[in-house]
Amino acid sequence: MALRVAFRTTRRIPQTNYSIITILHGYVKSNAKFSYDFSAIGKKMWLFTLVLLGTTAVGCGAVSALHYVDWDSFDIAVGGLMAGLGMLVFISYAAIIAYSVIAFVMIIARFYSNLFTDEGYLTFPLPVKTGTIYNAKLLAGCVWTVITTAVELVCLGILLMFSISFDHLPEILQGISMSFKMLFTQVPTGHIVAFIFEFVLICVLSLVYQIVLLYISITIAAIIAKKARFVIGTVFYFLINSVVGTVSSVLTVIAMIFMTMSTAFESALTDVEIPVSFLCWEFHTQFIVNIIVFGGAIVAGYFVNKNLLKNKLNLP
């Protein structure tokens, strides 16, 4: 009996170790694939990021110089200087838009070229599951979307800050401070904290949703067409986006109707104004509906795209 117990115990250990090794091995492969995709996108995106920071610095200098230009002067040289500085400012703002477009193009190009062109013959035969490949690309795309969005917001904020004359800065800060005081006086702190959390969550979900939507549109176009894939993918992108937007709008309207009817009925009976707390809950309802819709679309798009890549994809 003792020998049997010892024998059974020694048989369980390799199974446990094997399962742990399998999990770690899968994690390492997924992490390595993510690092590879992240670096592949970053080879050019880091350069574009430096260019954007440089144009932002030039734009800040141009905006600062415009504050010291005599706008009432009719001198041709002053007019030319103002036009040149204004052009630099315009280029700085245009660079932010261009940077956003380039980021999406780079993310899309990486996903498409690595899976649906000749590179796909090298990608799918790898000893890595299709789900791991897709997860790595999805994570790399989401991370780069967050990075580029943060860079855009920082550059835009810096340009707007320098656009404000420093002579009026104390007045602006005082006005912002008074606005926040009024907000915290009229709206409970709990609602404000919830608003901030919901807003941040919606922003994150919307970024992930855009990447999932782009990827599934590209996959569908690659499966059903051999030519004009970009056009077909664009059509599916706007089609799916319009469906999700319609669902979100309909659910929001339905929720708002129910809340408004109940409150209007109560106000008619009591003959009092609608409380601020109810208005806060109206905003919460809109945020929660958007969170549910975005989250549901992300989950559905993730599993549908994963299944298409695994079972329906036929490389040319």
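**Reading cavities and pockets**

A: This is a predicted model, in which local features need pLDDT of at least 70, side-chain atom pairs count only at pLDDT 80 or more, and totals for chains, interfaces and linings use all residues. Residues are numbered from 1 along each chain as its sequence is written, and side-chain values use heavy atoms, leaving out hydrogens and water.

Q: Which helices supply the lining of the largest cavity?

A: On a 1 Å grid over the protein atoms alone, a cavity is a set of points where a 1.4 Å probe fits but cannot get out, and lining residues have an atom within 4 Å of a point. Helices are DSSP runs (H or I, at least four residues), numbered from the N terminus. Here α2 (76-116) and α4 (130-163) each supply at least two residues of that lining, which consists of I41, I107, R110, F111, K137, A140, G141 and Y215.

Q: How much space lies in the largest cavity?

A: A volume is the space filled by probe spheres set on the points, with grid points joined across faces, edges and corners. The largest cavity holds about 30 Å³.

Q: What lines the largest pocket?

A: A pocket is an open set of points with protein on both sides within 12 Å along at least five of seven lines. The largest pocket has about 490 Å³ of space and 17 lining residues, with I108, L214, I218, F230 and T234 nearest its centre. Helices α2, α6 (189-224) and α7 (229-270) each supply at least two residues of this lining.
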